[in-house]
Each structure stands twice: as structure tokens, then as C-alpha cells.
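The following exercises concern one structure, and each task is followed by a worked solution. Please examine the sequence and the coordinates before reading the solutions.

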Amino acid sequence: MVQTVISVAGASADCPEWVLIDLQGSLETRHPVPLSGRFVGDLHFTQKDVPILIIGHHILYGKTVHLEKPFAVLVKKERSADTSMETDQNVSGTSYHVKALIRRKLLFKTRPKPIISNVPKKL
Amino acid sequence: MSWRESQMPINMEEEDSDIPVQSRPMETVNAILEYAKLERSELKPLVQNIFFSPELDNDHMTLMELDSHMLDVILEGNELVIRGDKDEMAVLCTNEKTYEVKEAEISNDLLITPEVLIGKDLDSEGDPCQTFSQVLSVLHTYYELRECKPRIHKLKSLLEENHYSGRESERDEKHQGRKFQFEDFLEIVQASETEIRAGLRQLQACQIEGFWRLLDFDYLCQVLNHIIQLCEENDWLEAGIPLAECLLPLEELFPRSVIEHTLECYSRTRQEVMQSFEGSERYNLDEDKICRFFAELTLKNSDKFNYKEFLNVWQQCVPDGMTTSLYQIEGMCLIDKIGGIEVIWYYPVEELPEEVADRFEALFKTREKWTREEIIPYIKDLATDKTDVGALLTKYARASMSNGIKMFNSRKTTR
């Protein structure tokens, strides 16, 4: 049987807390280019703490949600070939590490509103 | 970058994709706000410019949903282990519990953004300012965990490969099957450490020379009979068995670990012993366990037994001073009426299937209708915190009234 270990950082009490952005829909570019390094959008918060995300010509209003069941962010580690020689065969080559916990997310589930700009000037 | 909802493709803004990494002039931010008719004063001063990381990686990051037990385990810094062969459903084990792991797919984009701050943590006043936040991964799946019963049935079949029948027999042909150490079980059995230990205890496995073994039934009989004989000679049934004095004569015959194990298995629990003897190593044989053992001895190798005769034989077997009673043998045998004569026969729950549906099928094959009292000993080990015995019966059996008594039979119409 394969045993895959999920290890937890030493000082896990200080496990960092990350935030998740949950978009009902998906982000894409018109041309199939890699997303790496590209700009997504501006995230604002109103004085009443409502998150506003502006992506391209669209404005999305969201809300901050406390997750009833938090998430652990796991990072997969593949063991390199030379070290795996020494290890137990039954322990799989991959292991996971708990990198962070996520207890809150910004949920954008409403239909995005287009920004109507009859402005000739380019942004 | 553009936004797409399933039925609503939207034109993208070409310019944005040309913007180099982590540069977003404040003028642009403000201009967009203006077009969006958003007032600066209504917003908190900090704008977070979100970029995909240059090392955007969707393959090495995973989300796993946690319940409160799992969260505690992680916060305590303890390891978790995923166990399973390729052909098995993977389970995730903490030290104590076992979970089924399922991958949930979602159409939403989940953006992992470590640096993003939420509104509550932002200042309400101050000059407009900006930060850059990276999206490390975009995910469309996460792992869902559901606490499940440990898949412990393998333990029994593994242990049955090689019963222990005494030192002398270890070399003979019948005892060359596999033997297992605790670490071996972790590799083979889909359950947590605590659950495997509990399983070993329940099966009455004994650690002999480093290996976990089941005692052969006849061999166990010998050990127990010697112990009981000593008890009767020394009047230890009432007073308790002093360990050292008991070991002295028996250690010539049986390994010490076997004697101690047998005492553990057939005595009242340690806590009760402690209370009555303030920590001295004394064992008190448990009447119910001993009586159950002798019932098993009587019934195990015989076919149907005349019930009245059995009651007599059974009472005569047990040590003087112990009283047999029917509740001691529940889940071990059934009583039927054949041609006006009541018979009892060996039907141990341990030998029935572990899967709930299979268990009910086996039970209804054996007997068409059961009363609640009759069936409970045969299903109570399947109950969980969420599904109690009543819920199991509702789901897997059909109730009907027969002569004013509620009876349960199979839900399947064709049998």
C-alpha cells in the first residue's frame, strides 16, 4: 500500500492564514497566452468592507465569507530521483506539506456589471 | 484580462494584458474608478492590485477541507497520512480517525492569494495607496473529507494466516504463514494507529516476540484452563490473581506475554482492578467474559445443540461460583425452535461481513424475521455517531407487526 505523508510545519500554531478569492466564472484571456505574471484586477474595499473587484471592463461586488470548514493549503513535493533510492518503497514519491490555512474567502457570485464608458479616451 | 460567465462572454481589455508585472499606475486605478462611478471617499484607501504570479502553478497546490478534529491535528503540528493502493479508495488518517477522501470539482475559479488583506483589516482613513498581491494558483477542485469507519477487516484475515499455538509448534508446517509487526499493519490496513490498536484489542491479538498473533482457540483453552485451575487451588477467584505468583508455575508452560495477555483479556478492566486493589498487580477474572468463553467452547465445534441441555452443560463448565446468563452470549449464538424443540447454535457476529448492506443480507439469509432485541447484537458494531442502530434498521430492513411483535425483514422483495 502507498502511504503519502502530509507534514505540518514545525511551529504550526503560527501557520499563516491566507485568503481565497472565489469567482463564479473563470478568468481568461482572449488569446491563449500563459496567465503567469499577468494582471488580474484591482481589489477595493468599501468603507463598509464590501469587496469590489474590477477586472477589465467589469465590476464585481462580493462579500467576505467565514468558512464553516476551513481549508488547508497543501503543497505537493515530489521526491527527487536520487533521494528516493534510499527510502522505503512503500512510501510514495510524493508528499504534501501544509503551507497555510484559509478561514476566510472573498466570494464574488453576482453577475459582473459592465463599466459603461462612452469615453473615447483609451484607459 | 476578461471575465467570463458561462452564458455571458465578455470582451476583454487588450491594454491590461500588456501591463508588465507589478506595475499599476495609481492614475490608471483612479481613472477606472471614475468610469465605474465609484467615489474614492466611499472606498478604503488601500487598493490591492492582483497579479498572477510569474510562477503560477496549478498542479502542486491543493485545498483540503478540514473539520474541527483535523484542524486541531494540524494546529498541534501532527502528521497526517493518506493510505491506499491504486485500486482502493484513498483514506486519510490522523492518529485517531480515518476519513474518506473525495475530490470535489467546482466550476468556480478559486484564486489562492496569500497576501490579500480583507476589508476589516484595512485602515479607513489615509491617503490612497496600493499593494501588489499575487495569485499563486487557480484551482477548480478541492479535497472533501468524510469521517468513516476504519477498514479494519483486513486485520483479521492477516492475523488468521498464522495462529499461535505455543513455542513448540512454531516450527511445524502449519505455522509458517506470515507474521506481522505493528508497522506492517500501517502499510496494509486503511485505518489510523489508534483504530488499528483498538482492532487488535478487539480481536484479542497478543504481541509475542515482537509479532502480533491470534491465539489458536485450543491453545487459548489450555492457558485459560491452567489459570482457572490455579485460581481454584489458591482461592484467587474472589481475592484476585497476584501476577507474580500466577506466572511462576505457568511460565514453564507458556510464554509470559501469553499469560499476561490472557489475564488482560479475561479480567475486569484495569481501572476496576486498580480501584479495588490500589495498584497492586492483581487480576480479577471477569465472570461474563469467562462464561462467554465457555459457551463458545461448548458451541463452537458442535452443530445445533438442544437448548435446555446446553444451559446445563454450560453452567457445569464454568468455574464454581460463576453464574451463566443469556446476555453473556449475545451476538454469539441463535436460538431456534425446530419441531417444538428449542435448539441453540453458534453464530458469531465476528464472522459476518463488515459492510452494512452485506451484513443485513447475511442476517436475513440466516433468518427471515428478527425481533429488535435479536438483531441488535448483530448490528450494533456497525452503528456510528451519525447512524445509530435505529437508523440502520430503518434504512436496511423493513418492519412489520407479527402477533403484536415488531419484526424486521429484508427490504429486498425477491430472495
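Predicted model: local features only at pLDDT ≥ 70, side-chain atom pairs only at ≥ 80, totals over all residues.

**Exercise 1. The interface between chain A and chain B**

Task: Describe the contact between chain A and chain B by its residues, its buried area and its polar pairs.

Solution. 

Step 1. Chain A contributes 76 residues to the contact and chain B contributes 86 residues.

Step 2. The size of an interface is often expressed as the accessible area lost when the parts come together. Here about 8,100 Å² is buried between chain A and chain B, and carbon and sulfur atoms give 59% of this area.

Step 3. Between the two chains there are 25 residue pairs in polar contact, both residues being at pLDDT 80 or more. The side of chain A that touches chain B receives at least two residues from each of β1 (2-8), β2 (17-23), β3 (26-28), β4 (39-45), β5 (51-55), β6 (58-61), β7 (63-78) and β8 (94-108) of chain A. The most is given by β7(A), with ten residues. Sorted by class, this side of chain A holds 40 nonpolar, 21 polar and 15 charged residues.

Step 4. Within β6(B), B:L111 stands opposite A:I21.

**Exercise 2. Salt bridges between and within chains**

Task: How many salt bridges does the whole structure hold, and how many lie between chain A and chain B?

Solution. 

Step 1. Side chains of opposite charge can pair when their charged atoms come close. Over all chains, 20 salt bridges are found, and the count between chain A and chain B is three.

Step 2. One bridge between the chains joins A:R104 to B:D121, with the closest N and O atoms 3.6 Å apart.

Step 3. Another salt bridge joins the side chains of A:D49 and B:K44, at 2.7 Å from N to O. This pair crosses between chains, from the loop between β4 and β5 of chain A, where A:D49 lies, to the loop between α2 (26-35) and β2 (46-52) of chain B, where B:K44 lies. A:D49 is partly exposed, at a relative accessible area of 24%, whereas B:K44 is buried, at 4%.

Step 4. Within chain B, the side chains of B:E170 and B:R213 meet in a salt bridge of 3.0 Å, N to O. B:E170 belongs to the loop between α4 (153-159) and α5 (182-188) of chain B and B:R213 to strand β10 of chain B, so the pair ties together parts that are 43 residues apart in sequence. B:R213 is buried, with a relative accessible area of 2%.

Step 5. B:K412 and B:E361 form a further salt bridge through their side chains, at 3.3 Å from N to O. Because B:K412 lies in the segment after β18 (405-410) of chain B and B:E361 in helix α14 (residues 356-366) of chain B, this pair ties together parts that are 51 residues apart in sequence. B:E361 counts as partly exposed, at 41% relative accessibility.

Step 6. Through shared partners, salt bridges join A:E17, A:R103, A:R104 and B:D121 into one network.

**Exercise 3. Strand pairing in chain B**

Solution. 

Step 1. β13(B) is joined to strand β15 (residues 341-346) of chain B by two bridges. The bridge partner of B:N306 in β15(B) is B:V343.

Definitions and conventions:
Residues numbered from 1 in each chain as written. Chains lettered and ligands numbered in written order. Heavy atoms only, no water. Contact = heavy atoms within 4.5 Å. Buried area = accessible area lost by both parts, 1.4 Å probe. Salt bridge = Lys/Arg side-chain N within 4 Å of Asp/Glu carboxyl O. Polar contact = N/O pair within 3.5 Å; in protein donor to acceptor, adjacent residues only side chain to side chain. Helix = DSSP H or I, 4+ residues; strand = E, 2+ residues; numbered from the N terminus. Nonpolar A, V, L, I, M, F, W, Y, C, P; charged D, E, K, R; others polar. Pairing = 2+ DSSP bridges. Buried < 20%, exposed > 50% of the residue type's maximum accessible area, 1.4 Å probe, protein only.
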